[in-house]
Amino acid sequence: MLADPKIPTTVRNQLRDEYQNIQRLIDKLENEQIHIVTFGKVSTGKSSLLNAIADHPHFKVSPLHGETKHTDHLDWPSYQQQSVVLIDTPGTDEFDGEARELMAQQAAKQADIILFVLDGDISESQKQQLETIAQPNKPIIIVLNKADLYTHDEIKRIKASITDKTRHIKSQIVAVSADPRPRTLIVELADGSRQEKTETPPANIGELKLMILEVLDQEGKTITALNASLFAGEVSDNVARKVIEVRKEAGQKIIRTYCMAKGIGVAFNPVPVADLLFAAGLDVAMIRQLSKLYGLSLGKVDATKLTTTIMAQLALLMGAVWGVNLLSSAMKTISVGLSTTLTATAQGSLAYYATYLVGQIAEYYFIQGNSWGKDGPKTVAKNIVKNLDRNSILLEAREQIMRRINKSEADK
Ligand SMILES: Nc1nc2c(ncn2[C@@H]2O[C@H](COP(=O)(O)OP(=O)(O)OP(=O)(O)O)[C@@H](O)[C@H]2O)c(=O)[nH]1
Ligand SMILES: [Mg+2]
């Protein structure tokens with residue numbers, strides 16, 4: 001379609017841009033590694049923090065200062081070719097100025113996110129370190145670790161003080177306990193007697209995980225991180241909700257781009273209404289991209305099969321509706337316009353709507369983990385068609401298509 005001379009160059013260029021955006025999104029999903037790098041003074045708990053994030057004791061931890069001697073990394077079990085790499089650096093101390101600065105810059109260069117780890121208020125030299133690694137567009141999360149050693153009020157006060165002292169550096173701050181100390185509890189037994197009990201609380205890093213996810217999201221990288229096991233394990237409700245939200249948003253973007261392409265394509269190459277449902281090449285491509293987003297990566301054959309299943313359900317459901325009724329309701333939404341563009345736009349809107357339905361139904365299938373659930377495809381398709389506001393989608397389609405037709409005419 002991008003090579004179709006019937007479609008004006010300006011419109012084709014716009015579509016090409018949109019395709020490229022989606023393609024970039026998908027490429028990120030497939031190829032990009034995310035580097036999360038710790039940085040900070042000796043013994044603040046950098047290695048412990050990465051172990052807690054990974055939920056795996058990979059990095060050596062010890063109460064001795066300077067336990068980590070070399071930069072070390074842990075490759076996450078990759079999802080397809082993408083992965084998240086956790087990178088641990090040796091702690092810096094007050095005496096190794098030059099080497100420290102060099103390491104800081106190296107860490108900053110390779111990091112997508114820097115975790116600047118503290119275990120109390122920030123000192124003057126730590127502030128200088130932070131200034132050294134701070135760069136525009138390099139997200140920094142200041143992690144106040146060992147929160148278990150402080151009271152609630154103390155944490156509030158330390159956080160406020162850090163915030164104040166780092167006001168000029170773009171960063172966020174969060175308090176965590178990567179490796180909390182065991183604590184002694186007094187438990188009252190049924191007979192009224194009391195007993196001491198020692199327990200080690202689990203790491204408390206849920207808020208940090210959520211922050212990492214949000215930073216990646218702002219960087220346009222969330223999709224890559226979603227499938228990594230980084231967010232598996234002790235996943236808070238918030239994190240899980242955020243993952244679903246971001247994925248859905250990306251899914252809707254993909255669907256709309258394909259709707260637009262289909263709508264424009266049909267508007268400039270009107271086809272008989274009966275063929276609308278079956279001009280399925282773009283729908284298959286859309287379904288493949290959606291499947292990648294949901295971690296399933298359907299091949300062409302499977303994607304075509306799924307498209308056919310959905311089309312068949314829609315055809316059954318719509319029957320006559322796909323014919324005269326729908327076309328006339330698509331026409332009705334068009335109040336002004338040149339008569340030559342009238343049917344073209346109506347048909348384009350209809351094609352847009354059909355692809356929109358296919359996209360929504362496919363996305364439902366992927367969200368359910370590649371399954372129609374107990375209801376089967378028929379009920380799923382029926383519910384989705386019923387719950388979507390057909391007229392507002394047609395209206396939206398018409399507006400977008402008209403805008404492009406008008407633009408291409410204005411450009412002539
Ligand atoms: N109380 C408490 N102790 C912690 C916490 N996290 C880490 N520690 C302890 O702090 C000490 C240092 O932890 P590490 O993870 O080795 O610190 P590091 O920053 O990697 O240290 P270096 O590699 O020497 O720079 C260990 O004894 C950890 O058990 C925490 O959340 N609370
Ligand atoms: Mg260490």
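Guide: Helices (H or I, at least four residues) and strands (E, at least two) are DSSP runs, numbered from the N terminus. Under that convention, Lys165 belongs to helix α5, residues 152-165. The structure is a predicted model, in which local features need pLDDT of at least 70 and side-chain atom pairs count only at pLDDT 80 or more, while totals for chains, interfaces and linings use all residues. Residues are numbered from 1 along each chain as its sequence is written, and chains are lettered from A and ligands numbered from 1 in the order in which they are written.

Visitor: How many helices and strands does the protein have?

Guide: There are 15 helices and eight strands.

Visitor: What share of the residues of the protein counts as buried?

Guide: Burial is judged by counting other C-beta atoms, placed from the backbone, within 10 Å of a residue's own: 20 or more is buried, 12 or fewer is exposed, and values in between are partly exposed. By this count, 35% of the 412 residues are buried.

Visitor: Is Ala354 buried or exposed?

Guide: Ala354 is buried because 25 other C-beta atoms lie within 10 Å. This residue sits in helix α13, and its C-alpha atom is 9.2 Å from that of Lys262, 92 residues away along the chain.

Visitor: Is Glu196 buried or exposed?

Guide: Glu196 has 8 other C-beta atoms within 10 Å and is therefore exposed. Strand β8, residues 194-199, contains Glu196. The C-alpha atom of Leu185, eleven residues away along the chain, is 5.7 Å from that of Glu196.

Visitor: Which residues is Glu196 in contact with, leaving aside neighbours within four places in sequence?

Guide: A contact requires C-beta atoms, placed from the backbone, within 7 Å of each other. With those neighbours left aside, the partners of Glu196 are Thr184 and Ile186. Lys165 can be read likewise: its contacts beyond four places in sequence are Ile122 and Lys127. Ile122 is 43 residues from Lys165 in sequence, yet the two are 7.8 Å apart, C-alpha to C-alpha. Lys165 is partly exposed, since 16 other C-beta atoms lie within 10 Å. Across the protein, 74% of the contacts between residues at least 6 apart in sequence join residues at least 24 apart.

Visitor: How many residues does the largest nonpolar core have?

Guide: Such a core is a set of buried Ala, Val, Leu, Ile, Met, Phe, Trp, Tyr and Cys residues joined through C-beta atoms within 7 Å. The largest has 41 residues, and those with the most contacts inside it are Leu290, Tyr353, Leu357, Ile361 and Ala362. Two or more residues each come from α8 (237-268), α10 (281-293), α11 (300-318), α13 (339-367), α14 (376-387) and α15 (390-411). Helix α13 gives the largest share, 13 residues. Apart from this core lies another, of 40 residues, including Ile34, Val37, Ile113 and Ile133.

Visitor: Which residues does Ile361 touch, not counting those up to four places away in sequence?

Guide: Ile361 touches Ile310, Val380, Ala381 and Ile384. Tyr364, also placed in helix α13, is in contact with Val380 and Ile384 when neighbours within four places are left aside. Tyr364 is partly exposed, because 17 other C-beta atoms lie within 10 Å.

Visitor: At what angle do the axes of α11 and α14 cross?

Guide: Two packed helices are described by the angle and the distance between their axes. Here axes are lines fitted to C-alpha atoms, for helices over the stretch in contact, with angles from 0 to 180 degrees between N-to-C directions. The axes of α11 and α14 come within 9 Å and cross at roughly 65°. At this contact, Thr309, Ile310, Gln313, Leu314 and Leu317 in α11 meet Pro377, Lys378, Ala381, Lys382 and Val385 in α14.

Visitor: Where is Asn370, whose phi is a positive value?

Guide: Most residues other than glycine have a negative phi. Asn370 has a phi near 65° and is placed in the loop between α13 and α14. Another residue with a positive value is Asp55, with phi near 55°, in the loop between α2 (46-54) and β2 (72-75).

Visitor: How many residues surround ligand 1?

Guide: A residue is near a molecule if its C-beta atom, placed from the backbone, lies within 6 Å of it. There are 25 residues around ligand 1, the closest being Gly45, Ser47, Ser48, Thr68 and Gly91.

Definitions and conventions:
Two residues are in contact if their C-beta atoms, placed from the backbone, lie within 7 Å.
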